[in-house]
Amino acid sequence: RHRTVERDGTAVRVWPVVDFTLQEIRTLDFGSWFDPSFALQRVVTFQESLDLLKGKAGIYPEIKVSEYLDESATGLDIVEEVHRVLVSNSLNTPQGQRETPVVIQCFHPEILKRLRTLSGDAYPLNQLVWTTQVDELLTPEGIAKVAEYADALGPTVAMLLQQPSTIETARQQGLLVHPWFLSKKVPARFRNNSSYYEHLLYEVGIDGLFVDDPDKFPRRQSSEASAN
């Protein structure tokens with residue numbers, strides 16, 4: 001059931017999700033690759049994840065772009081489908097956003113532009129920034145263009161630390177700054193993850209952060225951070 005494709009001059013086997021039915025995908029052990037304690041966990045659909053989370057937590061899904069998800073090959077427009085599911089769950093309404101905040105993230109500007117056209121200002125959009133997009137998106141001109149269709153900017157933490165003026169430029173354009181980690185290592189000068197996250201939030205000046213341990217993210221500023 002695999003396909004053979006060429007990547008970097010090497011033939012590799014791949015198993016695109018579009019080649020399998022949902023019933024088949026539900027038989028997969030989705031957790032044991034990560035840790036034995038998650039063995040036999042199953043893939044859930046977008047709707048099933050919403051059923052679990054609505055009214056209890058917000059969601060921050062990312063739209064991926066893949067040759068295997070091309071509309072001409074699948075008959076499915078992933079952008080329209082994501083928007084359709086959000087609308088069908090009333091998550092594009094002010095009340096829906098209050099009860100279950102939604103932010104959509106993507107590395108591809110054209111995807112976010114289409115979503116803005118479909119949704120208006122119904123839910124916020126975050127323009128993620130990959131390492132190859134720095135010259136396009138993290139210049140003052142690039143940030144101004146991002147502000148035309150998105151609500152937040154999402155470079156890596158390293159990009160912000162190397163180019164701290166990015167935060168002020170984004171603020172001037174009305175954008176929030178929601179970075180992500182390219183490296184999971186916390187600098188040695190911080191005693192733990194929480195103190196590093198406080199530094200990024202209260203001293204560097206970000207608005208949010210993608211982390212693997214959200215329980216360590218500060219919910220309020222500590223007295224130690226305030227003293228700094």
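Are phenylalanine 107 and tryptophan 180 buried or exposed? Phenylalanine 107 is buried, and tryptophan 180 is buried too (buried is under 20% relative accessible area, exposed over 50%, partly exposed in between, with a 1.4 Å probe and protein chains only). This is a predicted model, in which local features need pLDDT of at least 70 and side-chain atom pairs count only at pLDDT 80 or more, while totals for chains, interfaces and linings use all residues. Residues are numbered from 1 along each chain as its sequence is written, and side-chain values use heavy atoms, with hydrogens and water left out.

**Confidence**
- The protein chain has an average pLDDT of 90, and 93% of its residues score at least 70 (pLDDT is the predictor's confidence in each residue, from 0 to 100).

**Sheet**
- An open sheet with parallel pairing is built from four strands in the order S3-S4-S5-S6 (strands pair if DSSP finds at least two bridges between them).
- Strand S3 (104–106) and strand S6 (176–177) are the edge strands, each pairing on one side only.
- S6 runs parallel to strand S5 (residues 152–154), and two bridges join them; alanine 152 has leucine 176 in S6 as its bridge partner.

**Aromatic pairs**
- There are 11 aromatic pairs in the structure (rings of Phe, Tyr and Trp, the last by its six-membered ring, pair if their centres lie within 6.5 Å; planes under 30 degrees apart are stacked, over 60 edge-to-face, the rest tilted).
- Phenylalanine 107 and tryptophan 180 have ring centres 5.8 Å apart and planes at 85 degrees, so they form an edge-to-face pair.
- That pair links distant parts of the chain, 73 residues apart: phenylalanine 107 is in the loop between S3 and helix H6 (109–119), and tryptophan 180 in the loop between S6 and helix H11 (193–204).
- Phenylalanine 190 and tyrosine 196 make a tilted pair, 5.0 Å centre to centre with 55 degrees between the planes, and both residues are buried.
- Phe190 and Tyr196 belong to one aromatic cluster with Phe181, Tyr197 and Phe217.
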